2 protein chains.
Amino acid sequence: MYTLYSMQRSGNSYKVRLGLARLGIPYRRVEIDILQGESRTPEFIAMNPSGQVPLLEVAPNRHLAESNAILWYVAGGTTLAPEGRIERAEAMQWMFFEQHSLEPNIGAAYFWLCLIKGGRDLQGHAIEGWMENGYRALGVMEMHLSKHDYFVDKRFTIADIALYAYTHLAHQCDFDLGRYPAVRAWLERIAREPGYVPMDFEPHMAAAE
Amino acid sequence: MYTLYSMQRSGNSYKVRLGLARLGIPYRRVEIDILQGESRTPEFIAMNPSGQVPLLEVAPNRHLAESNAILWYVAGGTTLAPEGRIERAEAMQWMFFEQHSLEPNIGAAYFWLCLIKGGRDLQGHAIEGWMENGYRALGVMEMHLSKHDYFVDKRFTIADIALYAYTHLAHQCDFDLGRYPAVRAWLERIAREPGYVPMDFEPHMAAAE
């Protein structure tokens, strides 16, 4: 069984939890509180020199980092991972876009405005850039989603999961999605997908029901 | 034949040129000067809403963006692209690491310190963060390369190409690689790979030789 090192309020960790839930893959979950330095201990750095979550133990002492790489690993061979040559590349295109243009802006805003007490004052100089670049990324997504229901291959894939994580948090950290109706409709579409779990879903809560 | 929209001095564009050269794939090259706004024209935005190079036309009016996704597309099915389940995921891990932890720091430093006149003054407040985070990324690479000749699968792959582009520019933009002997040895190893071309390689120069 996989072991997933994950933080409850991490959008990157949520991607993997959402993918595993959709795929019905059981796993052991270890909560790592990066705000308490738990991803910077010698033990954790030995598993992931980048000191980040999520991290998936795929075999004894073999660990895979980077949320989007983990999604490809767990979804490989399923309908969630497009394997046609151009479709695979297009899914990767959107997932690199997510890590390069969306997550560093909306993810940074979420981290400092929602998770860190006093973060708004500490990062006052940076917020304007995050907003500008975050809105630009949302504009690129809006343009695509105004013509397509999903990002790739006319169906729900790991590219949607990757982009969903931080986009669905944007309204919590000052972003106004009013001008992005196609993005809003897509967010609602993803939340209706079979196997969907919200970010605050706790497996043990479900087991106790 | 592919058409590649590329900028000579863009590290992300260089990745694709290096991959195509190694694979011996001919292509038509269109120079896009992003410093002159050529990636923000209506014609270019229609091809790539993100307004970035590189961009590969893979079929008439079908364009693929994001350097690392393009590398997967052009190298798919060759020895440059690991296709084993864990090896593919590990290659992606390093390529997402590159776009998330290396390029936004060393790439930003290269852009503002080497390409933009007066960039050092304009971005004075940001340089310290780029240096700190860039050195952290180099440290993660050093840890891996002190035990491995290449990033994945004990051989030269597109993960090496992706990481090489900005790492080999680091010394031009204030980074001192003195404390990273394994990174330096790897840079030299990549430059000796068959089919290697330097960043300033111009195809028409070779044709004229």
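A: Let us begin with a definition: two strands pair if DSSP finds at least two bridges between them. Please also keep in mind that this is a predicted model.

Q: Which residue stands opposite L55(A) in β4(A)?

A: The residue opposite L55(A) is A65(A), which belongs to β4(A).

Q: And how many bridges join strand β3 of chain A to β4(A)?

A: Four bridges join them, and the two strands run antiparallel. Strand β3 of chain A covers residues 55-59.

Q: What is the order of the strands in the sheet?

A: The order in chain A is β2-β1-β3-β4, in an open sheet of four strands with mixed pairing. The edge strands are β2 (27-31) and β4 (62-65) of chain A, each of which pairs on one side only. From one strand to the next, the twist averages 25°.

Q: Let us move to chain B. Is helix α3 of chain B largely enclosed or exposed?

A: Helix α3 of chain B, residues 67-75, is largely enclosed by the rest of the structure, because nine of its nine residues are buried. A residue counts as buried if 20 or more other C-beta atoms lie within 10 Å of its own. Among the buried residues of α3(B) are W72(B), Y73(B) and I70(B).

Q: What do those buried residues of α3(B) pack against?

A: They pack against α4 (85-115) of chain A, and also against elements of chain B, including α1 (11-23), β3 (55-59) and α7 (158-167).

Q: What follows α3(B)?

A: G77(B) follows α3(B), and the phi of G77(B) is positive, near 85°.

Q: Now the two chains together. How many residues of chain A are in contact with chain B?

A: There are 27 residues of chain A in contact with 27 residues of chain B. On the side of chain A that touches chain B, the elements giving two or more residues are β4, α3 (67-75), α4 and α6 (124-145) of chain A. The most comes from α4(A), with 13 residues.

Q: What is that side of chain A like by class?

A: The side of chain A that touches chain B has 15 nonpolar, eight polar and four charged residues.

Q: One last topic: where does R189(A) lie?

A: R189(A) lies in helix α8 of chain A, residues 181-191. It has 15 C-beta neighbours inside 10 Å, so R189(A) counts as partly exposed.

Q: How far apart are R189(A) and D149(A)?

A: R189(A) and D149(A) are 40 residues apart in sequence and 8.4 Å apart in space, C-alpha to C-alpha.

Definitions and conventions
Residues are numbered from 1 along each chain as its sequence is written. Chains are lettered from A and ligands numbered from 1 in the order in which they are written. This is a predicted model: local features need pLDDT of at least 70, side-chain atom pairs count only at pLDDT 80 or more; totals for chains, interfaces and linings use all residues. Axes are lines fitted to C-alpha atoms, for helices over the stretch in contact, and angles run from 0 to 180 degrees between N-to-C directions. A residue is buried if 20 or more other C-beta atoms lie within 10 Å of its own, exposed if 12 or fewer, and partly exposed in between; C-beta atoms are placed from the backbone. Two residues are in contact if their C-beta atoms, placed from the backbone, lie within 7 Å. Ala, Val, Leu, Ile, Met, Phe, Trp, Tyr, Cys and Pro count as nonpolar, Asp, Glu, Lys and Arg as charged, and the others, Gly among them, as polar.
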